[in-house]
Amino acid sequence: MNRSLIKVALWDVLPPVAAYYALRALGVNEHLALLGASLTGFVRAAHVGIRERRLDGFAAFMCLIFGLGLALAFLTGDERFMLAVKSVTTGVMAVVLVATCVAGHPAAYGMAKRFGADDAATAARWDVLYQADPKFRRVYMVMTLTWAAALVTESVVRIPLIYLLPVDIMAGLSSALLIGTLTLVAVWSAWYGRRGEQAATAHHQTT
């Protein structure tokens with residue numbers, strides 16, 4: 001799971017950063033460079049959804065981040081406020097994750113099937129465990145809440161940095177913060193989910 005998610009995160013986050021610094025190197029001002037970065041990210045996320053003929057949760061999340069960035073680029077000339085939008089969207093995403101737990105359908109299970117299941121047989125086996133074992137379902141409840149907590153922490157940390165550091169530094173650091181958060185939680189999720197699957201499988205083999 002962690003390698004697949006990290007690969008997706010890198011492909012969705014790094015191109016906008018590269019676009020920003022390339023435009024700055026060409027002498028484009030900060031505001032227009034951020035606009036170009038947001039446009040690059042939005043086009044990339046939308047392209048993935050069109051190519052795969054579906055807009056899953058992660059792609060929709062990235063479209064939301066970059067789409068808001070594009071909208072604010074036309075509504076305000078404040079570069080720092082544009083950067084702060086990422087904190088708003090990751091905070092909203094955290095609320096959505098908590099809501100999936102309240103609804104009894106933790107989002108981490110769907111993510112695990114997309115990024116962690118090697119084949120249809122593995123996904124089918126997980127579905128059986130998910131339906132039959134409350135402990136297995138609790139693994140994904142805990143995982144989803146952990147993702148929510150990580151996103152809230154990431155969004156809170158970003159805000160003061162935006163107003164303390166130069167825009168040229170924060171444009172890259174903001175994305176690095178997001179990538180780092182996704183990577184750390186993905187690595188933990190892979191370990192935690194694997195341990196939960198092993199425990200659930202062992203339990204069903206002995207019953």
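Which pattern does the protein chain follow, read along the sequence? It runs α-α-α-α-α-α-α-α. This is a predicted model, with eight helices and zero strands in the protein chain.

**Whole chain.** The accessible surface comes to about 10,500 Å². Carbon and sulfur atoms hold 68% of that area. Now colour by burial. Of the 207 residues, 44% count as buried. Next, show contacts with a separation of 6 or more. Residues 24 or more positions apart make 72% of them.

**Helix H4.** Select residues 79–102. This is helix H4, with 24 residues. From first C-alpha to last, H4 reaches 36 Å. That is close to the 34 Å expected at 1.5 Å a residue. Step past the end of H4 to glycine 104, which follows the helix.

**Helices H5 and H6.** Select residues 107–116 for H5 and residues 120–132 for H6. The two pack at an angle of about 160°, and their axes are 10 Å apart. An angle over 145 degrees counts as roughly antiparallel, so H5 is roughly antiparallel to H6. Show side chains at the contact. From H5 come Tyr109, Ala112, Lys113 and Gly116. From H6 come Ala123, Trp126, Asp127 and Tyr130. Is the crossing left-handed or right-handed? H5 and H6 cross in a right-handed sense.

Methods. Residues numbered from 1 in each chain as written. Predicted model: local features only at pLDDT ≥ 70, side-chain atom pairs only at ≥ 80, totals over all residues. Heavy atoms only, no water. Helix = DSSP H or I, 4+ residues; strand = E, 2+ residues; numbered from the N terminus. Expected span 1.5 Å × (residues − 1). Buried < 20%, exposed > 50% of the residue type's maximum accessible area, 1.4 Å probe, protein only. Contact = heavy atoms within 4.5 Å. Areas by Shrake-Rupley, 256 points an atom, 1.4 Å probe, with all protein chains shown as cover. Axes fitted to C-alpha atoms, helices over the stretch in contact; angles between N-to-C directions. Parallel < 35°, antiparallel > 145°, perpendicular 65-115°, else oblique. Left-handed = near helix turned anticlockwise from the far one by under 90°.
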